[in-house]
Amino acid sequence: GIKLRKLHAVTEVCSDYTTSPHSLRLFQWNILSQALGKENDNFARCPEEALDWNHRKYLIVEEIIEYCPDVICLQEVDHFHFLKHVLETQGYTGMFFPKPDSPCFYIDGNNGPDGCAIFFRTDKFELLRAETRILEIWRIQSNQVALLMILKVKQTGQEICVVTTHLKARRSALLATLRNEQGKDLLEFVRQNCGDRPTILSGDFNAEPAEPIYGTVLGSGQHLASAYAECAGNGWIPSDKREPPYTTWKIRDEGEVCHTIDYIFYSKNKLDVDGVLELPTEKDIGPDRVPSLRYPSDHFSLICDFRIRTHSSQAD
Ligand code: NDP
Ligand code: CA
């Protein structure tokens, strides 16, 4: 069965997972686009200073490198060159795929479009192939994208497939239907490119677990499960498969928004979950929620430790 545990404290964590060729630490985060966060989101209780790029950029980098992830999946990236420059000094390289008509373009003083990015450790992986997709709804291109990488673990030759996406935002029955259509297109993209490689599909799906897209992913026939839900027995809900209570928590003029819309899905027949990083508590987060001077995004980062099954353990 799955061995459940929380990730240890930061300092001791960096050796285990980053050195073993049979494990993979995946980091998932919607970092909040600088242009959208400052000009579009209208976070009601967020201090102005917290949205200043010169304040946020250090917190973002710190949060990413704190746990020495092997692979980093990000959404709402509108400072890719900055992140690439900094992360290269930490042993990573990466790729960016922008949204075709990013809402950032319509903001004065924007830093270019926002989009998805994947970074990986160059000492551990070789990039074999990268693919991008503008997600389609009923065969028509939408404004949402996906980025996919096939990475080879240098030490073992094992290939893995990592995919990240950021689906259409906002709540309505129609939008839930559109997200589900984007999800179907995404899963076809995954099926065609990942094949039978161990696959990790992470992102901001903008959909609570009750939305159709969640069931579409789990029922795709591609053996995908949600890492946090599989670990719930060790965390928030005893012996039940449940997502965490929130992955984003913000206050807008309309009120408080606290729900789970970000996920790390994985091939449950090829990868085992060793642990996940718990979400900050309500007390950690504070009464004004996020973003705040302490948390640079309105989304929280997710981290999952995966063990890559060997052929002998797959036969068990
Ligand atoms: P989405 O609906 O997917 O949302 C874009 C961004 O807005 C996401 O990053 C989302 O963040 C964020 N968001 C979600 N809810 C809110 C909210 N209540 N208030 C503010 N921001 C929110 O947009 P699309 O990519 O499909 O692009 C459409 C948008 O692009 C339009 O809404 C428009 O603003 C802009 N646009 C403007 C044009 C113009 O002429 N001015 C023309 C074309 C596009 P998260 O995912 O974290 O929820
Ligand atoms: Ca956002």
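## Residue N30 in strand β1

In this predicted model, N30 belongs to strand β1, which spans residues 23-30, a strand being a DSSP run of E with at least two residues, numbered from the N terminus. N30 counts as buried because its relative accessibility is 0%, where buried means under 20% relative accessible area with a 1.4 Å probe and protein chains only. The side chain of N30 makes a polar contact of 2.8 Å with the side chain of D204; a polar contact is a pair of N or O atoms within 3.5 Å, and within protein one must be able to donate a hydrogen and the other to accept it, while residues adjacent in sequence count only if both atoms are side-chain atoms.

An oxygen atom of ligand 1 lies 2.7 Å from a polar side-chain atom of K168, and an oxygen atom of the ligand is 3.0 Å from an N or O atom in the side chain of N143.

## Basis of the values

Residues are numbered from 1 along each chain as its sequence is written, with chains lettered from A and ligands numbered from 1 in the order in which they are written. Local features need pLDDT of at least 70 and side-chain atom pairs count only at pLDDT 80 or more, whereas totals for chains, interfaces and linings use all residues, and side-chain values use heavy atoms, with hydrogens and water left out.

Methods
Helix = DSSP H or I, 4+ residues; strand = E, 2+ residues; numbered from the N terminus. Buried < 20%, exposed > 50% of the residue type's maximum accessible area, 1.4 Å probe, protein only.
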